[in-house]
Amino acid sequence: MSEPTSLAGEAEKLDAADGLAAVRERFVLDDVTYLDGNSLGALPAHVPARVADVVRRQWGELRIRSWEESGWWTAPERVGDRIAPLVGAAAGQVVVGDSTSVNVFKALVAAVRMAQEDGPGRNEILVDATTFPTDGYIAESAARMTGCALRPVTPAEVPGALGDRTAAVLLNHVDYRTGRLHDLPGLTAAVHAAGAYAVWDLCHSAGALPVGLDEHGVDLAVGCTYKYLNGGPGSPAYLYVRRDLQPRFDSPLPGWNSHAEPFGMRPDYAPASGSVRGRVGTPDILSLLALDAALDVWDEDGVSVAAVREKSLVLTDFFLRCVGAYVPHGRVESVTPAAHAERGSQVALRCEDAGEVMKRLIERGVVGDYRAPDVLRFGFTPLYVGFADVERAARVLARTLSG
């Protein structure tokens with residue numbers, strides 16, 4: 001078993017060699033070891049001033065003029081184009097707005113409608129049986145709305161479950177409980193081979209690892225922006241529609257913002273072209289522009305997703321080593337895959353009385369979270385989490401479990 005001084009010294013050396021270490025200074029942090037960026041990212045330090053400008057000048061002085069003069073009206077597409085490279089997409093395919101749940105509904109219903117246009121008999125939706133509950137609720141409602149049967153399967157079971165009846169498949173890129181990274185390229189290819197459409201939920205992967213939406217031919221994808229993209233609590237989600245599918249994207253929520261002539265006030269709906277079709281109602285400007293400001297971290301520091309992924313894997317490997325060295329044998333069990341190709345940017349530890357353990361960890365300055373009944377979750381945002389944070393978290397966990 002390693003001595004704490006040995007691993008602490010290793011952490012110090014790793015931090016000194018960390019190419020992303022300087023980015024940490026761009027966030028509002030304190031003495032707390034914050035490992036919950038997979039639920040809510042830390043605040044980029046420049047965001048408050050930018051939001052203050054939006055409130056005081058754009059809203060307070062320009063008022064209605066800001067829809068044009070401050071670029072409010074086109075912000076959903078402009079911010080979408082900033083997110084696009086972080087998920088491996090070319091410009092013009094991502095639009096920001098609404099919540100993840102609303103975007104899942106839009107994407108899944110549109111996918112089924114396209115499948116049913118392609119040919120008869122496409123009347124089944126496959127949904128990730130291990131998905132975040134809301135995705136399952138939305139899938140059940142979408143199935144009823146489109147006359148489909150809903151079939152929950154694990155991602156590993158998807159290739160064998162696909163068939164002539166499959167219209168669409170809704171999958172999570174990274175499992176929110178365990179941190180398992182699913183095979184987006186392989187599963188997307190299998191879905192396409194069956195003549196169906198793939199809808200991916202990127203909430204726990206965007207901003208933490210390469211996604212490759214365009215490269216792998218993903219049809220539709222959705223994701224939130226308040227985790228690894230650090231957009232703030234309740235920041236709007238995004239919707240990706242592959243360019244060649246945009247003319248066929250038939251949204252079940254055709255709002256005035258997605259109309260070809262939004263100010264024509266016509267009684268009949270005519271969809272706009274391009275990613276604008278994914279819009280519904282008036283954008284949430286304050287939260288949308290806070291997100292816009294938060295994304296500056298990626299541009300101004302020249303941060304690449306590849307570098308983030310490289311550090312993420314080293315961080316999670318080091319955390320698992322520290323846990324193995326410090327925590328009494330048998331007290332925790334990792335449910336996150338050891339293989340890099342199967343791991344997101346979090347580590348989940350099965351632990352008896354996880355809720356109480358996490359409460360005590362937070363009291364001692366290590367913030368993660370837990371999922372009932374017995375999983376401790378630790379999220380690693382490489383933009384601001386360092387190796388000393390990791391070593392300290394494991395050490396405090398060991399002390400907490402020892403008494």
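Modeller: This is a predicted model. Take helix α4 (residues 75–83) and helix α9 (residues 285–294): they pack at an angle of about 30 degrees, and their axes are 10 Å apart.

Biologist: So how do we describe the direction of α4 relative to α9?

Modeller: That angle makes α4 roughly parallel to α9, because angles under 35 degrees count that way. The crossing of α4 past α9 is left-handed.

Biologist: Thanks! Which residues in α4 and α9 meet?

Modeller: From α4 you have Ala75, Pro76, Arg78, Val79, Arg82 and Ile83, and they meet Leu288, Leu289, Leu291 and Asp292 in α9. Sorted by class, the residues of that contact are seven nonpolar, no polar and three charged.

Biologist: Next pair, please. How do the axes of α1 and α11 cross?

Modeller: The axes of helix α1 (residues 4–16) and α11 cross at roughly 170 degrees and come within 11 Å. α1 and α11 are therefore roughly antiparallel to each other.

Biologist: And which residues make the contact there?

Modeller: On the α1 side, the contact is made by Pro4, Leu7, Ala8, Glu10, Ala11 and Leu14. On the α11 side, Phe318, Arg321, Cys322, Ala325 and Tyr326 take part. By class, the contact of α1 with α11 has nine nonpolar, no polar and two charged residues.

Biologist: What about α12 and α13, at what angle do their axes cross?

Modeller: Helix α12 (residues 354–363) and helix α13 (residues 387–402) cross at roughly 125 degrees, and their axes come within 10 Å. That makes α12 oblique to α13. Their crossing is right-handed.

Biologist: Changing topic: how many cavities of 30 Å³ or more does a search of the whole structure find?

Modeller: Searching the whole structure turns up one cavity of 30 Å³ or more. The volume of the largest cavity is about 60 Å³.

Biologist: What lines the largest cavity?

Modeller: Its lining residues are Arg24, Leu29, Asp30, Val32, Thr33, Tyr34, Leu35, Tyr384, Val385 and Asp389. By class, that lining of the largest cavity has six nonpolar, one polar and three charged residues.

Biologist: Now pockets. How much space lies in the largest pocket?

Modeller: The largest pocket holds about 270 Å³ of space. It is lined by 18 residues, and those nearest its centre are Thr100, Phe132, Cys203, Tyr226 and Lys227.

Biologist: Which helices each supply at least two residues of that pocket's lining?

Modeller: For the largest pocket, α5 (100–118) and α6 (133–146) each supply at least two lining residues. The lining of the largest pocket has five nonpolar, eight polar and five charged residues.

Biologist: And the second largest pocket, how much space lies in it?

Modeller: About 160 Å³ lies in the second largest pocket. Leu14, Ala17, Asp18, Gly19, Leu20, Ala307, Glu310, Lys311, Val314 and Phe387 line it.

Biologist: Which helix gives the largest share of that lining?

Modeller: Helix α11 (residues 305–326) does, supplying four residues of the second largest pocket's lining. By class, the lining of the second largest pocket divides into six nonpolar, one polar and three charged residues.

Biologist: Nice link! Now some backbone details: which residues does a cis peptide bond join?

Modeller: Ala372 and Pro373 are joined by a cis peptide bond, with omega about 0 degrees. Pro373 sits in the loop between β12 (369–371) and β13 (375–379).

Biologist: Last one: what is the phi of Arg63?

Modeller: Arg63 has a positive phi of about 50 degrees, although it is not a glycine. To find Arg63, look in the loop between α2 (47–62) and α3 (66–69).

Technical notes: Residues numbered from 1 in each chain as written. Predicted model: local features only at pLDDT ≥ 70, side-chain atom pairs only at ≥ 80, totals over all residues. Heavy atoms only, no water. Axes fitted to C-alpha atoms, helices over the stretch in contact; angles between N-to-C directions. Parallel < 35°, antiparallel > 145°, perpendicular 65-115°, else oblique. Left-handed = near helix turned anticlockwise from the far one by under 90°. 1 Å grid on protein atoms, 1.4 Å probe; cavity = no way out; pocket = protein on both sides within 12 Å on 5 of 7 lines; lining within 4 Å. Points joined across faces, edges and corners; volume = space filled by probe spheres on them. Nonpolar A, V, L, I, M, F, W, Y, C, P; charged D, E, K, R; others polar. Contact = heavy atoms within 4.5 Å.
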